[in-house]
Amino acid sequence: LIASYFYIRFKFGPVWPPDGIPAPSLRLPLIMSVILWTSSWPVHIADRAVREGKQLKFRLGLAAGFILGAVFLGIQVFIEYPEKLAEFTPTSNAYGSLFYTLTGFHGLHVLVGLMISLWTQVRAWRGAFDEHRHITVQNFTMYWHFVDIVWVFVLATIYLSPSL
């Protein structure tokens with residue numbers, strides 16, 4: 001998707017975003033970035049805590065990561081998208097299509113991560129994990145870090161590159 005964005009951007013011409021759409025503001029995306037990237041820390045703490053047999057710390061870390069991820073997604077869906085829809089839609093032009101596809105696909109990955117987190121939390125409160133049984137927690141942690149890393153590329157592509 002990112003390669004498609006740059007292919008279409010450079011194929012379209014020197015003015016990007018097109019049709020008078022202003023370059024994206026960085027304020028809200030940077031706030032969202034801090035929230036999402038911060039969510040990796042409690043998830044990492046939870047992963048370490050379960051390996052050390054610290055059940056409460058493990059459960060609280062998962063919950064904190066979930067809350068931060070949900071806040072990120074809530075900002076995207078309920079604040080950013082309504083603002084952008086006032087400027088352009090997915091069908092306005094190539095830029096609109098690419099913007100909503102890239103950010104929406106990432107948002108979908110965040111949603112899937114939140115569902116995995118919730119499932120892991122339910123199992124955690126039922127005692128499914130301990131210092132010997134925690135592969136699900138490891139897998140979730142790696143997935144969550146992946147989602148956070150991908151956001152770096154989405155941020156650079158969608159929000160930073162039009163200003164260059």
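How many helices and strands are there in the protein? There are five helices and zero strands; helices here are DSSP runs of H or I with at least four residues, strands are E runs of at least two, and both are numbered from the N terminus.

This is a predicted model, where local features need pLDDT of at least 70, side-chain atom pairs count only at pLDDT 80 or more, and totals for chains, interfaces and linings use all residues. Residues are numbered from 1 along each chain as its sequence is written, and side-chain values use heavy atoms, without hydrogens and water.

**Whole chain.** Show the C-alpha trace. Along its principal axes it spans about 55 × 25 × 25 Å. Of the 164 residues, 43% count as buried (under 20% relative accessible area; exposed is over 50%, partly exposed in between; 1.4 Å probe, protein chains only).

**Helices 3 and 4.** Select residues 55–87 for helix 3 and 94–125 for helix 4. They pack at an angle of about 155°, with axes 10 Å apart. Helix 3 is therefore roughly antiparallel to helix 4 (angles over 145 degrees; under 35 is roughly parallel, 65 to 115 roughly perpendicular, the rest oblique). Axes are lines fitted to C-alpha atoms over the stretch in contact, and angles run from 0 to 180 degrees between N-to-C directions.

**His-134.** Now go to the loop between helix 4 and helix 5 (135–160) and pick His-134. Its relative accessibility is 14%, so His-134 counts as buried. Leaving aside neighbours within four places in sequence, His-134 is in contact with Val-50, Arg-51 and Phe-129 (heavy atoms within 4.5 Å). Last, show Glu-131: its backbone oxygen lies 3.2 Å from a polar side-chain atom of His-134.

Notes: Polar contact = N/O pair within 3.5 Å; in protein donor to acceptor, adjacent residues only side chain to side chain.
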